[in-house]
Amino acid sequence: MNDDVGGCMSAEPFKNKLVAVLNKSIEPGRVMNALAHMCIGLGAAIGQEALRLTDYRDADGSSHPFISEIPFIILSENSNKIRKLRHEAIAHHILFNDFTDTMTIGTYQDQIEKTAQMKDENLIYFGIVLFGDWNKVTELTKKCSLWR
């Protein structure tokens with residue numbers, strides 16, 4: 001419907017896209033933990049306005065705050081493809097956050113130390129979350145499978 005028919009306004013297209021690509025070989029509980037860590041960090045960096053966080057209200061007047069209007073697409077791949085996607089995100093200046101196997105061992109200090117000792121090629125990627133230009137993020141993730 002256009003703006004003139006029935007008083008309905010057309011929905012504004014989304015400028016940015018939010019996509020997570022998770023390692024399909026990691027146990028679900030561990031990969032969900034990684035997703036939570038990535039989303040907390042990336043969400044803090046992006047901010048409420050850019051994420052279009054909205055207060056959804058139900059018929060009882062209860063608030064369901066900070067829900068993004070932007071669809072959040074969850075895809076899956078293997079560690080090597082996630083690594084490649086990370087490099088492509090860097091090259092295309094796409095904001096991202098990733099999570100590796102070294103971030104699961106011991107205390108957070110142990111994790112920082114272990115990560116510093118590992119070359120990128122030896123890291124096992126649990127996932128990556130991307131936020132950026134809708135068309136660029138679509139292009140980078142178009143070959144990934146939907147999470148199942």
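Strands here are DSSP runs of E, at least two residues, and helices are runs of H or I, at least four, numbered from the N terminus.

A word on the source. This is a predicted model, where local features need pLDDT of at least 70 and side-chain atom pairs count only at pLDDT 80 or more, while totals for chains, interfaces and linings use all residues. Residues are numbered from 1 along each chain as its sequence is written, and side-chain values use heavy atoms, with hydrogens and water left out.

Back to glutamate 77. Is this residue buried or exposed? Glutamate 77 is buried, with a relative accessible area of 6%. Buried means under 20% relative accessible area, exposed over 50%, and partly exposed in between, using a 1.4 Å probe and protein chains only. Glutamate 77 touches, among others, Val21, Ile82 and Lys143, not counting residues up to four places away in sequence. Touching, or contact, means heavy atoms within 4.5 Å.

Glutamate 77 also has a charged partner. Lysine 81 forms a salt bridge with glutamate 77, the closest N and O atoms being 3.9 Å apart. The rule asks for a side-chain nitrogen of Lys or Arg within 4 Å of a carboxyl oxygen of Asp or Glu. Lysine 81 is partly exposed, at 47%.

Now the sheet. In what order do the strands run? The order is E5-E6-E1-E4-E7, in an open sheet of 5 strands with mixed pairing. Strands pair if DSSP finds at least two bridges between them. E5 (95-100) and E7 (145-146) stand at the edges with a single partner strand each, so one side of each has no neighbour in the sheet. E1 (residues 16-23) and E6 (residues 125-133) pair in the antiparallel sense over 7 bridges. Valine 21 has isoleucine 128 in E6 as its bridge partner.

Next, a helix. Which residues of H5 are buried? They are Val137, Leu140 and Thr141.

Arginine 52 forms one with glutamate 69, with the closest N and O atoms 2.8 Å apart. Arginine 52 is in the loop between H2 and E2, and glutamate 69 in the loop between E3 and E4, so the pair ties together parts 17 residues apart in sequence.
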